Every structure is written in C-alpha cells, then in structure tokens.
Amino acid sequence: MFKALTKLLGNAVAAFGAITWFLLRILSQVPRALLRPGLVIHQIHNAGALSLVIIMTCGLFVGMVLGLQGYDMLERFGSESSLGSAAALALVKELGPVVAALLFAGRAGTALASEIGLMRATDQLVAMEIMAVDPFRHVVAPRFLGGVIALPLLTMIFIAIGIFGVQLVGVQQLGVDQGTFWSQMRGSVEVDDVMQGLIKGCVFGVACSLIAVYEGYVAEPTAEGVGRATTRTVVNSAVMTLILDYMITAVML
Amino acid sequence: MLNSSPTTPNLVEIRDVYYSVGGRDIFKGLTLNVPRGKITAIMGPSGTGKTTLLRLITGQIRPTRGQVLVDDQDVSKLSRRALYALRQRMGMLFQNGALLTDMSVFENVAFPVREHTDLPESLIRNLVLTKLQAVGLRGAYKLMPHELSGGMARRVALARAMVRDPHLLIYDEPFAGLDPISMGVILRLLRNVNDALAITSIVVSHDVDEIAQVADLSYILAGGKVVASGTPKALKEDQSGLVRQFMNGLPDGPVPFHYPADDYFKELLA
C-alpha cells in the first residue's frame, strides 16, 4: 500500500517535471517562433477559427438553457427581473471559460495531439531534427501559441453568444422586460468579473494547449499510441481545467 | 561548406561502440569506417541494429561506450548547437520519405534552405527546381505529399536531402517496398548523386542484389558486431556460414529459422 502510494507520487512528480521542462523548451523557442508570424497565424486559424462553429452553437444552447433554468429558479423568489445579471455573471465568470475550454480540448486539443503524434509516427519530427530544424521552433511552439491566443478569444465569443441565448429565451420567449434585463446586467457585472473570465480563459488556454502538444509530442509512434494521446489530451485537459478553475476562483473571490 | 582539407580518409568512424536499450545489447564493440566519397552499405538480418547505427551517426542517441566520429567530431560529445551545425552537412533519406505532409513538393525541398539561409526567392526556386529535375520530378513540384506514390515520395525526399549539398547522405532502406522500376531509378540516382556531388553515402539495406550493384564497400552486422566486410563481390564469394546464408537468402543456418522454443514433439504430445 505504502509502496504503491510512493510510486504513484513519484510518477506524478516525474510527470510534472517532464511537462514543466517541456514548457520551458517551448518558451525558449517562442521568440524565434514569433519571427515567423505566418506559422503562428496559421495555427490561430486552426485552433480558433475552425472551433468557431462548435463554440458558437454550444454557447447559444448553454445560454438558452441558462435562460430557461434561471427564469424558473428566479421566478420562485419573484425576482425573474434579475435574470440578466444572474445569467451574465454565471457565463462571464464560470460557464464561459470552463465550457469553452472543455470544447476547445475536444475540438482543437485532440487535433493538435493527433497531428503532432502522427508527425512523430511518420518520422517527420525526426526528419526535421536531422535537417537541423528544432521541432519545438517549427511545430510545437507555433501550435502552442495558436492555442494560447485562440482560447481567450473563443471564451469571449462563447460568453457573448451565451448572453444572446439567455436574452432570446428570457426576453423574447418568457417575457422578461427588455430594459430591466440589460440594465440589471450592466449594473451588476463589474470589470473585475470580466477580468476573472478573461484570466481563466488565458490560463486554460495555456493548460489545454500545453497538454495537447505534450501528449502529441511524447505519443508512441503507433496507431494505438496516437489514439491514446488524443484520449489523454481530452481527459487531462478536462481535469486540469476544473482543478485550475477552483484554484483561480478561490484566489480571486 | 565542404571540408577542403580532409584530415582522415574516413568521414565516419565507429570505434568500439557499445549500445544497449532496455537491458538488450544492440552493439557489443562495433567498429567500422566509412571512407570519403564512397558508397558504403550496411547490411544484416532484421533486428541487428542497422537503423540504430544511423541514429548513432546522426546524434539522435548516444552510445553507452565508444566513439562515433563524423568529420573528426565525436558526435556523442557535441552540444546541441554543434550537433545541429554538423547535421546541416548531412542529408538523410527516410524509409517512407518523411515528407512534411502540410507542404507541397516544392516547399518540402525548399524547407531546409528557407530554414537555414536568407537566399532570395528566385535563387531558392532555381535551387529547388534543379534538384527536382535531378530526381525527375520537376513537373510534380505543385503536388502535395499524399498525391505521390511511394517511389515518388522517396525521390522528393532525396531531392530534399541533397538540396543543401551535404557531405554525407544517409539512406535508410531506400529500396524497401518499391516496384522494380522505382528501385532501378533510386539505384541510379544513388550512384549519380554520389559521384556528381562528390559526397559520401551510407546505405542501410538488406536488398543484397540491389546494393551489390552500387556499393563500393559493404559491412554485414550480426550480434552487435561487424561479421564481414569488403566489396559486395568478395562478400558474395565468402563461404563462412552467416555471410553465405545472408548473401544467398538461405532460410536456415547460423541465423536459425525457428525462434527458440521447447522440443517440438514434446510440446505437441504434452
């Protein structure tokens, strides 16, 4: 029992060390990767623009559900007029960053991990090394940066569409007063709340992108290994997102 | 770029190298030399560490003991920067080509040039098209890697490997899985490239007959050591057990047909 526990702990520390070392190697190549803005822009497009449809669709439906549930709950206390502020706070501070990160891990993270894993499996990464091109500069860093830049933007889009969804159900369907809805929201959502959402988006962006490129890079060069890398990307990103979410919330509240 | 005054007649020297991975010994005192300007073949049964040898020469792995000298530099002692500088004078052709799948044929061949130099676009274009012309694929410069056949991909990879006029060209199983025509093309290219660019080539292969046509010198590896070396012709006539088995493709011999197992009859009747 004790032995198993120490082994587990040892593995966790080793994994943490490996991923930290990996992050440092990426960061050391970031300035040189930025010298080729084309590569980074291409990756922002891959991770960001290509995730737009899923982010917008889910944002709309999360907002609409929030409108229905929020209205039902607030109505019991006779305070359905606060729907705007309640839903907006929930979206800006929690739902937006977390759900966007989970969707990002599923859509862009898996794509990154499997792409890099397949590059490893087809010797493309080794070929680069033999050509004296550091794969961290050409492959890993631009993809990491693309994800880090894309997720906060996606988070903001998710929140905006979500609020539109709340409005659609609350105001258009259930009859909350339009003026009250918006003025309550403007009255209660502070800059600090938006900052909290944005900071979460940035932190989740770093975590999810790092996990995706790491899992892809260390994937076993087989079909099975690449499959496992994508699975681990989603699982680890989701767990990490929720843990970090708790930590940031605890610190910032 | 070319070393104008070669100090040793050998571009690559492997000196008494030991290497083991996961408790399994791959090399046990391997020693071999690759003379400058020649085509050297490395042959041997599967699993004798031919590809591992290439990884040692290119500095992807380090030997447990012994020296790997390339151009008089001990690869295992080089810093990352020095290793990358050395690799700029090497070209390698991978078994499956290892073309970068998100780039066209042209961009793949241009990739090493773009990464390491600031040449003007017109010069890069000429450089790339010349190399593609040499491998007969100038017309295919717009294609993407997934549109190429296996033989074509390998020819593009060869153009990429030689685009910066390396000292040393390394071929990992260049004939594996090719049809006879593509094989003939690669064979001819191998010889022409070596002679025209005055470079040194290392070819890892177990296609005995093909390699015999082009190699100046052959090594046969087995059991972590060199078991025979010489010109392909001399090896063909070698009558020692393993060499004869390998060169003639005999199913049984010093390398047994059967994986070690308990007695056959005993196991069946048990």
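I began with helix α5 of chain B, which is mostly covered, with eleven of its 13 residues buried. I am working from a predicted model.

I looked up which residues of α5(B) are buried. They are B:G151, B:A153, B:R154, B:R155, B:V156, B:A157, B:L158, B:A159, B:R160, B:A161 and B:M162.

I checked the span of this helix. α5 of chain B runs over residues 150-162 and reaches 19 Å from its first C-alpha to its last, close to the 18 Å expected at 1.5 Å a residue.

I then asked what covers the buried residues of α5(B). The cover includes α5 of chain A. From chain B itself, it includes β6 (90-93), α3 (105-116), α4 (121-134), β7 (168-172) and α6 (180-196).

Next I turned to the contact between the chains. I find 18 residues from chain A and 21 residues from chain B in it. Between them, chain A and chain B bury about 1,700 Å², with 56% of it on carbon and sulfur atoms.

I looked for polar links across the interface. The rule gives four salt bridges and seven residue pairs in polar contact. I recorded one salt bridge, A:D134 with B:R80, whose closest N and O atoms are 3.9 Å apart.

Last, I sorted the side of chain A that touches chain B. Two elements give two or more residues to that side, α5 (124-130) and α6 (135-173) of chain A. α5(A) gives the most, with six residues. By class, I count eight nonpolar, three polar and seven charged residues on that side.

Notes. Residues numbered from 1 in each chain as written. Chains lettered and ligands numbered in written order. Predicted model: local features only at pLDDT ≥ 70, side-chain atom pairs only at ≥ 80, totals over all residues. Heavy atoms only, no water. Contact = heavy atoms within 4.5 Å. Buried area = accessible area lost by both parts, 1.4 Å probe. Salt bridge = Lys/Arg side-chain N within 4 Å of Asp/Glu carboxyl O. Polar contact = N/O pair within 3.5 Å; in protein donor to acceptor, adjacent residues only side chain to side chain. Helix = DSSP H or I, 4+ residues; strand = E, 2+ residues; numbered from the N terminus. Nonpolar A, V, L, I, M, F, W, Y, C, P; charged D, E, K, R; others polar. Expected span 1.5 Å × (residues − 1). Buried < 20%, exposed > 50% of the residue type's maximum accessible area, 1.4 Å probe, protein only.
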